[in-house]
Amino acid sequence: MHIAVIGSGYVGLVTGACFAEFGVDVTCVDVDDQKIERLLNGVMPIYEPGLEHLVAKNTQAGRLRFTTDVRQAVEQALVIFLAVGTPPLPDGSPDLSYVDSAAASVAQYMNGYKVVVTKSTVPIGTGERIRSLINERKKTRANFGVVSNPEFLREGAAINDFMRPDRVVIGSRDEEAIAIMKDLYRPLYLIEAPFVITSLEAAELTKYAANAFLATKVSFINEIANLCDKIGCDVHDVARGIGMDKRIGSKFLHPGPGFGGSCFPKDTRALSSVARQFGNESLIVDAVIEVNRRQSSEMFAKIGKLVGPLEGKKIAVLGLAFKPETDDMREAPAIGIIQHLTESGATVTAYDPVAKDEAVKVLPDISYADDEYDAVAGADALVFVTEWNQFRALDMTRVRDLMKSPKVADLRNIYEPEDMREMGFEYVGVGR
Ligand code: NAD
């Protein structure tokens, strides 16, 4: 089977590479000719463990191609995935212009039956919007099916998440399209991955509901952590105590500086906007967004209390990406924290194992160190923002000796407070 993936970012590239690995013929398309040029030369536009190998292997096998020629890709393909961005507009609703433009390309070059699948996270009703748009613009009498197949991959673990998903959601009212999707995903049927076959609307809402629920867990544990700070008890004990209850589960109960990234902030705002559009209020989701916003202020206050007046202070920041194992800086908590520090008169030297090139684009005015020890040299305080594994076993004696004053704000609770205090650090974590 031939498929096309329109949009070769995180989701499109992983989708394309993984389907090629399943033996499908895949053409990945993008409007960004530089991105395609680099991909043709084997250079990945993002850092994602295992992706480069998978792309190289399947490109060599002739199953994975990259192009800016959307016509050729659409004409060849039976299934066309739309994996373009849906960034937030100022009012929180998603910008659907990229989805519309990708759907318009499908309409323009449709030369026979096609299954048009949204992988992008889109508001409820987008599938029907795509159906109308293609119907209005298609130049042949060719028929087509519309499917919502939301993507649940996590950056940093994207390939495993695609290959061994907790579930695959397929939403459509077109029986033929559903049958083709099942055929495409046959390797996952063989490993007994569960499938949820449902309506377009339910599939679209499932993606927002899943992300909003996970974001709720994060905001919830952050609220409990802030309470632990006041009470003087350890949020990790509380998280373990509740997480062992199978109805709650232990995942996403790690306190920190708040959620960031390309999905949770955008998708919670989008769900709130969708609810308003349907005349409903999303009280819980709105509170989750507000708690997350306040969590940034809690972090500033924590750093301020530790360091005192920030004017003229040198602060080392370890970790910039919104989470480990990615270079994605979209809505990363580090951005707000660093901007606050520099606006308060501090100078910042930061280090991240892979996100420097992306970080420079949003934080051009800070210094970037070559490694952790370079970052902390002469610092008045060290702030851990992303919990990269390599930060978990630093030579903290060396760190202490390199710093001007040994103060640590550990916003990911990487280290044990007692160990740090014994080593002579003034240490604050989150909820400990
Ligand atoms: P991205 O910005 O990394 O990639 C989008 C790509 O689409 C870009 O390369 C862009 O140049 C390209 N593009 C835009 N318009 C195009 C067009 N008309 N034709 C061809 N290419 C076009 O975005 P992403 O992170 O991959 O996210 C894509 C969608 O998937 C979003 O809706 C997002 O919410 C959703 N999603 C993302 C993740 C994630 O972890 N990143 C997970 C699940 C779902």
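A residue is termed buried when its relative accessible area is under 20%, exposed when it is over 50%, and partly exposed in between, with a 1.4 Å probe and protein chains only. The views show a predicted model, in which local features need pLDDT of at least 70 and side-chain atom pairs count only at pLDDT 80 or more, whereas totals for chains, interfaces and linings use all residues. Residues are numbered from 1 along each chain as its sequence is written, and side-chain values use heavy atoms, with hydrogens and water left out.

**View A. The salt bridge between Glu290 and Arg294 in helix H13.** A salt bridge is taken as a side-chain nitrogen of Lys or Arg within 4 Å of a carboxyl oxygen of Asp or Glu. Side chains of opposite charge can pair when their charged atoms come close. Here the side chains of Glu290 and Arg294 meet with an N to O distance of 3.0 Å. Because the two residues are four residues apart in helix H13, about one helical turn separates them. Glu290 is partly exposed at 27% relative accessibility, whereas Arg294 is exposed at 52%. Helices are DSSP runs of H or I with at least four residues and strands are runs of E with at least two, both numbered from the N terminus.

View B. Strand S13 (residues 407-410) runs parallel to S14 and is joined to S14 by three bridges. Val408 has Tyr427 in S14 as its bridge partner.

**View C. The interface of domain 1 and domain 2.** The domain assignment gives domain 1 (2-198) and domain 2 (239-428), with bounds that come from an automatic or database domain assignment. Their C-alpha centres lie 33 Å apart. Contact, defined as heavy atoms within 4.5 Å, takes 17 residues from domain 1 and 19 residues from domain 2. The two domains bury about 1300 Å² between them, 54% of it on carbon and sulfur atoms; buried area is the accessible area (1.4 Å probe) that two parts lose on being put together, summed over both. On the domain 1 side, Tyr47, Ile124 and Glu155 lose the most area to domain 2, together 40% of what that side buries. The rule finds one salt bridge across this interface.

**View D. The salt bridge between Arg330 and Glu155.** The closest N and O atoms of Glu155 and Arg330 are 3.8 Å apart. The pair links distant parts of the chain, 175 residues apart. Arg330 lies in the loop between S9 and helix H14 (333-343), and Glu155 lies in the loop between strand S6 (144-148) and helix H7 (158-163). Arg330 is partly exposed, with a relative accessible area of 44%, whereas Glu155 is buried at 9%.

**View E. Further salt bridges in the model.** The count by the rule comes to 24 salt bridges. Lys266 and Asp267 meet through their side chains at 3.0 Å, N to O. Lys266 is buried at 11% relative accessibility, and Asp267 is buried at 0%. Elsewhere, a network of salt bridges links Glu128, Arg131, Arg173 and Asp174.

View F. With neighbours within four places in sequence left aside, Ser273 is in contact with Gly92 and Ser93.

**View G. The loop position of Gly7.** Gly7 lies between strand S1 (2-6) and helix H1 (10-21). Gly7 counts as buried because its relative accessibility is 8%. Leaving aside neighbours within four places in sequence, Gly7 is in contact with Gly12, Leu13, Val29, Asp30, Ala83 and Val84. The C-alpha atoms of Gly7 and Leu214 are separated by 26 Å, the two residues being 207 residues apart along the chain.

Definitions and conventions:
Two strands pair if DSSP finds at least two bridges between them.
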